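Q: I would like to learn how to read the packing of helices and strands in a protein model. Could we take one feature at a time?

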Amino acid sequence: MTGRMRTINIPIFVPHLGCPNDCVFCDQHKITMNAFVPNAERVRALIEETLKYTDSLSTPVRIEAAFFGGSFTAIDGELRRELLSAAHEYRGRIDGIRLSTRPDAIDESILSELRAFGVTAIELGAQSMSDRVLRLSNRGHTSEDTRRAARMIREGGFSLGLQMMTGLVGDDRETCLYTAREIIALRPDTVRIYPCVVIPGTRLWDMAERGEYTPQSVSEAVSVCAELIPMFTRENITILRVGLMENEILSSGEVKGAYHPSLGELCYSRVFYNAACRELERTGAPKRVEIRVPPRASSKMTGHKRENIEKLKARFSLGYIKVREDESLKDFEVQVNCV
Ligand code: SF4
């Protein structure tokens with residue numbers, strides 16, 4: 001809903017290598033057993049392939065190489081420098097290099113190295129700012145580690161991204177809202193919100209099987225994420241993603257917890273539903289209404305299979321609803337007019 005230039009990420013998966021931890025929800029150990037470890041040649045091939053595609057586009061795009069997967073700054077130093085150096089060869093042709101890592105795998109010498117190789121953005125897997133939730137999830141770091149690393153990244157001139165999860169062990173709506181407030185206080189440029197998905201073979205799966213943990217349902221995740229999204233947007237923090245990217249394991253149907261292939265859409269749709277409810281309550285809910293929403297937001301307002309419209313009709317006894325886009329509105333602003 002903004003006029004920002006489209007960004008194309010070149011995803012370069014670097015498996016668990018070097019991650020000293022064993023978070024209860026993580027299946028990287030399993031994935032890593034068979035995972036292909038990229039080398040400089042692979043990095044070059046992936047970038048070349050993307051450049052071939054982007055060269056054929058008529059509109060300008062921002063291109064970033066993105067190292068994701070495990071904890072990039074904790075992998076073997078020689079391999080890390082090999083991969084970064086290959087991406088750095090494309091400076092001028094790509095616009096940035098981003099990576100994700102753990103909060104306790106950041107220090108000044110790592111940041112100097114990343115700067116020398118042209119890294120522009122660092123994302124930290126904060127996951128929660130509740131130390132209790134972090135402990136129960138066996139994250140192996142504290143919220144203070146996240147605060148310290150976030151400060152260093154910002155002061156080091158990098159773009160800061162923070163990732164949070166919902167539905168972890170010991171988590172509830174309050175701790176999620178607390179985490180979002182604490183993340184906002186760290187002034188990240190971007191966030192990602194990942195409702196927890198429970199994957200077979202993880203410790204979390206066993207905990208759920210034993211009844212020691214109740215996975216967050218899709219509907220609980222949608223409800224809490226619909227509160228988190230406007231909190232970040234109000235603070236001009238770009239939300240890069242809500243919900244995990246689909247992959248073979250997730251779409252196998254053998255997972256528990258908050259997995260839905262269109263989870264992000266469901267969450268944004270709920271944000272508009274909530275906004276429309278507030279407006280209808282404020283205006284006294286006339287029988288026939290026009291709901292105005294920002295450009296490109298009408299499908300989110302309408303909802304999947306017109307779900308939002310039907311729910312609004314039932315809840316406010318409305319006879320007629322028309323959704324219309326209005327250039328003067330932005331983000332999640334909604335206006336209700338009597339027609
Ligand atoms: S830090 Fe990341 S890669 Fe390591 S175990 Fe935890 S989730 Fe997995």
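A: Let us begin with a term: two residues are in contact if their C-beta atoms, placed from the backbone, lie within 7 Å. Keep in mind, too, that this is a predicted model.

Q: With that in hand, which residues in α9 meet which residues in α11?

A: On the α9 side they are Val218, Ala221, Val222, Ser223, Cys225, Ala226, Ile229 and Pro230, and on the α11 side they are Leu263, Leu266, Cys267, Tyr268, Arg270, Val271 and Asn274. Sorted by class, this contact of α9 with α11 has twelve nonpolar, two polar and one charged residues.

Q: At what angle do α9 and α11 pack?

A: Helix α9, residues 218-234, packs with α11 at an angle of about 60 degrees, and their axes are 8 Å apart. The crossing in which α9 passes α11 is right-handed.

Q: How do strands of a sheet pair?

A: In general, strands of a sheet pair through backbone hydrogen bonds, and they do so either parallel or antiparallel. In this model three strands form an open sheet with mixed pairing, in the order β11-β10-β12.

Q: Why is one side of β11 and of β12 left without a neighbour in the sheet?

A: Both β11 (320-325) and β12 (335-338) stand at the edges, and each has a single partner strand, so one side of each lacks a neighbour in the sheet.

Q: How many bridges join β10 to β12?

A: Strand β10, residues 288-293, is joined to β12 by four bridges, and the two run antiparallel; Ile291 stands opposite Val336 in β12. Helix α11, residues 263-283, packs on the sheet, where α11 touches β10 and β12, and the direction of α11 makes about 45 degrees with that of β12.

Technical notes: Residues are numbered from 1 along each chain as its sequence is written. This is a predicted model: local features need pLDDT of at least 70, side-chain atom pairs count only at pLDDT 80 or more; totals for chains, interfaces and linings use all residues. Two strands pair if DSSP finds at least two bridges between them. Axes are lines fitted to C-alpha atoms, for helices over the stretch in contact, and angles run from 0 to 180 degrees between N-to-C directions. A crossing is left-handed if the near helix is turned anticlockwise from the far one by less than a right angle, and right-handed if clockwise. Ala, Val, Leu, Ile, Met, Phe, Trp, Tyr, Cys and Pro count as nonpolar, Asp, Glu, Lys and Arg as charged, and the others, Gly among them, as polar.
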